[in-house]
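Good morning, and thank you for making time for this item.

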There are 6 protein chains.
Amino acid sequence: MPLTHLDESGAARMVDISGKPATKRAAVAGGRVVMSAEARQAIADGTIPKGDVIAAARIAAIQAAKKTADIIPLCHPLPLTGMAVDFRLAETGVEVTAEVSTTFGTGVEMEALTAVTAACLTIYDMAKAIDKAMRIEGIRLLRKTGGKSGDWSADDAPD
Amino acid sequence: MPLTHLDESGAARMVDISGKPATKRAAVAGGRVVMSAEARQAIADGTIPKGDVIAAARIAAIQAAKKTADIIPLCHPLPLTGMAVDFRLAETGVEVTAEVSTTFGTGVEMEALTAVTAACLTIYDMAKAIDKAMRIEGIRLLRKTGGKSGDWSADDAPD
Amino acid sequence: MPLTHLDESGAARMVDISGKPATKRAAVAGGRVVMSAEARQAIADGTIPKGDVIAAARIAAIQAAKKTADIIPLCHPLPLTGMAVDFRLAETGVEVTAEVSTTFGTGVEMEALTAVTAACLTIYDMAKAIDKAMRIEGIRLLRKTGGKSGDWSADDAPD
Amino acid sequence: MPLTHLDESGAARMVDISGKPATKRAAVAGGRVVMSAEARQAIADGTIPKGDVIAAARIAAIQAAKKTADIIPLCHPLPLTGMAVDFRLAETGVEVTAEVSTTFGTGVEMEALTAVTAACLTIYDMAKAIDKAMRIEGIRLLRKTGGKSGDWSADDAPD
Amino acid sequence: MPLTHLDESGAARMVDISGKPATKRAAVAGGRVVMSAEARQAIADGTIPKGDVIAAARIAAIQAAKKTADIIPLCHPLPLTGMAVDFRLAETGVEVTAEVSTTFGTGVEMEALTAVTAACLTIYDMAKAIDKAMRIEGIRLLRKTGGKSGDWSADDAPD
Amino acid sequence: MPLTHLDESGAARMVDISGKPATKRAAVAGGRVVMSAEARQAIADGTIPKGDVIAAARIAAIQAAKKTADIIPLCHPLPLTGMAVDFRLAETGVEVTAEVSTTFGTGVEMEALTAVTAACLTIYDMAKAIDKAMRIEGIRLLRKTGGKSGDWSADDAPD
């Protein structure tokens with residue numbers, strides 16, 4: 001009946017990166033909130049009652065990136081060296097892109113993805129009085145640089 | 001040159017709900033991680049090196065729901081009364097559903113959506129060594145009950 | 001040599017409010033950042049390199065109010081029902097006012113004060129490249145309503 | 001191969017307490033740090049280089065109680081209405097007792113236990129330069145009152 | 001009446017480690033939850049109503065290790081490079097061991113101890129419906145390596 | 001109608017410090033709580049009902065310094081290497097000074113300022129039953145050392 005050494009059979013662990021050198025790494029992630037024309041227009045016009053959607057979503061993204069290791073159980077806590085978030089009005093809603101950098105032994109893909117999702121959730125929150133049927137779509141890694149596994153880009157990543 | 005009373009012109013605020021009665025409310029949100037057949041198989045087989053993906057994603061979802069007001073700037077902090085997360089293997093990856101309940105003056109849509117995104121991010125994190133091109137898709141509200149605005153379901157929400 | 005029952009002699013405790021009814025309460029706090037004319041102008045013009053100071057300070061204030069019980073050891077955690085922050089350009093810098101409300105057994109004075117200080121710290125952070133000698137002054141309670149001790153206003157509180 | 005409805009077979013969930021009335025509840029937990037005579041003496045004399053051990057441990061306990069739902073995955077977040085921590089010098093080290101109260105639909109046993117462990121960990125941290133072999137022992141619930149399951153005391157709980 | 005320079009007389013401080021080189025360090029801590037045969041059996045059988053105890057306790061341990069500096073006042077925040085948790089069914093309950101590593105100027109003893117206590121608290125939380133009299137016992141440091149003070153093992157640490 | 005590349009026009013960002021070397025840096029900030037003679041006396045006498053004000057404020061300051069990047073949106077998270085807080089009874093109330101150090105690519109001015117404000121807020125919280133009209137005044141940077149911009153002192157900083 002022993003549960004002994006459950007680690008051998010699929011138990012969660014924070015992977016040991018102590019042998020990896022601290023090098024410069026960056027990641028870019030993207031995603032979008034698909035919404036009604038009315039919601040999109042209200043965001044563009046700045047008439048959402050809860051306030052300026054883009055400004056709030058941007059701060060939410062930056063703050064969430066710093067909380068990544070608190071939100072995602074097996075992520076290593078790491079010191080971010082920079083971060084920026086970009087928003088674009090697309091035909092079907094709002095597109096979000098986040099770029100994060102660090103100098104550490106592991107990459108910042110999860111920080112960039114977490115930032116984008118926090119921005120999208122904030123947009124949903126602020127506009128949901130207008131449109132409850134909004135959807136968050138296409139959250140994905142667009143690009144990463146640095147680290148042992150090298151650079152990587154999504155096949156169809158925008159420049 | 002005064003910025004006086006910027007609140008009048010689009011500034012973010014936490015909406016006053018002090019006049020709303022504390023009533024029972026619930027929300028269900030869903031989403032999915034679209035991935036390669038290889039990644040999907042490794043999750044199903046429990047052979048992901050970082051450990052049991054579903055168990056970790058489930059705890060991540062529950063913990064993130066409790067942090068919603070910390071992640072989304074204008075959300076009210078509120079006491080959750082219950083929460084469950086469900087995972088299904090779909091043809092193209094893993095589907096996540098989260099149900100959250102409270103007895104409070106505002107709803108838990110954002111808590112359900114935050115739970116689902118945290119689960120999806122955790123799945124991405126644990127399987128990204130196999131497939132970096134995974135995408136988080138279709139994060140949306142499926143159903144809400146309770147509150148002044150009444151019940152609501154997505155047009156095509158599964159039962 | 002026993003330390004026995006140190007509680008009797010000045011030990012910190014979270015005061016028991018379980019006998020107090022949950023009633024509607026609000027508090028308004030104010031404060032200001034005194035700065036050089038150059039820094040003040042850059043904030044007014046929106047030319048601070050770190051970005052829009054007021055938008056960031058506003059979100060910082062709202063988020064900090066929710067973290068009050070985490071920052072101030074003996075504060076009770078409580079569910080905020082509403083919050084707004086106001087910024088004004090004064091002759092010597094930027095003035096901040098925060099209003100917070102709850103329906104609970106204790107007041108929200110500390111939440112309002114914490115919000116104002118977080119806004120002031122954020123202003124300092126964003127403008128410090130221009131003026132390191134800025135000072136945060138006059139953080140104080142302006143008004144509180146509700147609760148057993150009743151309403152209270154600072155002698156010279158602005159309307 | 002479906003993982004469908006894993007909830008049926010042992011998956012973690014936050015138990016639904018929405019049907020339980022908010023009533024007054026309290027819990028008392030205890031524990032102790034067993035240490036060398038030298039470490040015990042240094043704490044009693046206030047000569048630990050890191051500073052006043054008891055004052056730090058007390059604040060740590062209060063702050064940790066408020067973070068219980070963040071530390072223990074399936075705990076409900078709840079509004080504490082009061083809390084006190086007591087320390088006694090015992091023959092073999094330091095004894096800690098924590099009492100927590102709430103008015104909510106579930107009890108505060110975990111909050112009391114979390115407070116005691118945080119106090120014990122803080123004592124260990126501050127005295128470990130003197131004695132690395134300290135042990136935290138006997139963390140347990142001493143008493144609970146209120147709630148549907150009624151009052152409960154450990155068989156040998158001190159008065 | 002001055003409190004001047006209270007630091008000289010026992011005030012808490014975060015010890016200055018800026019002169020210490022960042023070197024590889026690790027620590028292993030252990031502890032156990034002593035429980036009734038019924039509770040132990042339910043955990044082994046996976047029939048605890050709240051869900052899979054070991055999976056939840058493991059994630060709780062990993063997440064708590066990352067929060068150590070937030071729980072223990074004088075701990076330095078530090079970047080963990082790896083972490084694993086092991087559970088064993090013992091005759092009297094469940095034994096927990098946690099191993100943590102970092103490359104930093106101070107050790108990770110507190111992170112390992114915090115991880116073990118969080119796991120034990122989670123086990124208590126999930127099984128307390130069956131046995132309220134469970135006790136957390138024997139939380140202690142088993143081994144540390146690296147750092148100026150060198151390696152250390154508890155006299156009777158298991159291999 | 002595109003919001004495209006809002007970053008170009010004043011959007012908040014976390015400044016990229018990845019090119020800056022990790023060097024030793026320190027900062028000292030100060031501030032004070034101005035209060036009635038009665039409140040000041042109660043703090044000096046240790047007769048504040050909530051407990052030992054200075055001990056609680058000191059821990060609050062240390063804990064808040066570690067949370068700086070969580071409170072101030074554009075601050076980089078960074079590993080503190082040391083911290084101390086000092087309190088003095090002044091004629092008009094209590095003066096607080098905090099010193100923080102790190103070895104990192106950016107300075108710790110905000111950490112020192114955040115520590116001082118958290119200490120002041122805690123003093124206010126604990127003494128507000130005696131004096132609601134207390135004011136937090138003169139929060140400012142006194143000194144910084146290290147980093148590319150070099151050392152800096154306030155014109156009238158005390159030694």
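**Helices, strands and chain pairs**

Let me begin with helix α4 of chain B, residues 109–127, whose 19 residues reach 27 Å from the first C-alpha to the last, close to the 27 Å expected at 1.5 Å a residue. The expected span is taken as 1.5 Å times one less than the number of residues. Helices here are DSSP runs of H or I with at least four residues, strands are runs of E with at least two, and both are numbered from the N terminus. Of the 19 residues of α4(B), 19 are buried, so this helix is mostly covered. Buried means under 20% relative accessible area, exposed means over 50%, and partly exposed lies in between, with a 1.4 Å probe and protein chains only.

A word on conventions. This is a predicted model, in which local features need pLDDT of at least 70 and side-chain atom pairs count only at pLDDT 80 or more, while totals for chains, interfaces and linings use all residues. Residues are numbered from 1 along each chain as its sequence is written, chains are lettered from A and ligands numbered from 1 in the order in which they are written, and side-chain values use heavy atoms, with hydrogens and water left out.

I turn to chain A. An unreviewed UniProt entry places the feature "domain: Molybdopterin cofactor biosynthesis C (MoaC)" at residues 14–147 of chain A. UniProt positions are given in the numbering used here, feature names are shortened, and annotations may be inferred rather than shown by experiment. Over residues 14–147, chain A is 34% helix and 34% strand, and the end C-alpha atoms lie 18 Å apart.

Within chain A, consider helix α2, residues 53–66. At 1.5 Å a residue its 14 residues should span 20 Å, and the end C-alpha atoms are 20 Å apart, which agrees. Is this helix buried or exposed? In α2(A), 14 of the 14 residues are buried, so the helix is largely enclosed by the rest of the structure. At its start, a side-chain oxygen of A:Asp52 comes to within 3.2 Å of the backbone nitrogen of A:Ile54.

A:Met110 is in helix α4 of chain A, residues 109–127, and is buried at a relative accessible area of 2%. Contact means heavy atoms within 4.5 Å. Setting aside residues up to four places away in sequence, A:Met110 touches A:Thr68, A:Ile72 and A:Cys75, together with B:Leu121, B:Tyr124, B:Asp125 and B:Lys128. A:Glu111 also has its place in helix α4 of chain A and is buried, with a relative accessible area of 5%. Beyond four places in sequence, the contacts of A:Glu111 include A:Thr68, A:His76 and A:Val100.

A:Ser101 lies in strand β3 of chain A, residues 93–104, and counts as buried at 8% relative accessibility. Among the residues it touches outside four places in sequence are A:Arg25, A:Leu80 and F:Asp16.

How are the strands of chain C arranged? Strand β1(C), residues 23–34, has nine of its 12 residues buried, so it is largely enclosed by the rest of the structure. Two strands pair if DSSP finds at least two bridges between them. β1(C) pairs with strand β3 of chain C, residues 93–104, in the antiparallel sense over 12 bridges, and C:Val33 has C:Val94 as its bridge partner in β3(C). Eight bridges join β1(C) to strand β4 of chain C, residues 135–145, again antiparallel; there, C:Ala29 is partnered by C:Leu141.

Finally, the relations between chains. A rotation of 180° with 0.0 Å of shift along its axis superposes chain B on chain A, at an RMSD of 0.0 Å. The two copies are thus related as by a two-fold rotation axis. Copies are superposed by least squares on the C-alpha atoms of residues with pLDDT of at least 70 in both. Of the residues of chain B, B:Glu137 comes closest to the axis, at 2.2 Å for its C-alpha. The same surface serves both copies, as 100% of the contact residues of chain B recur in chain A.

Methods: Polar contact = N/O pair within 3.5 Å; in protein donor to acceptor, adjacent residues only side chain to side chain.
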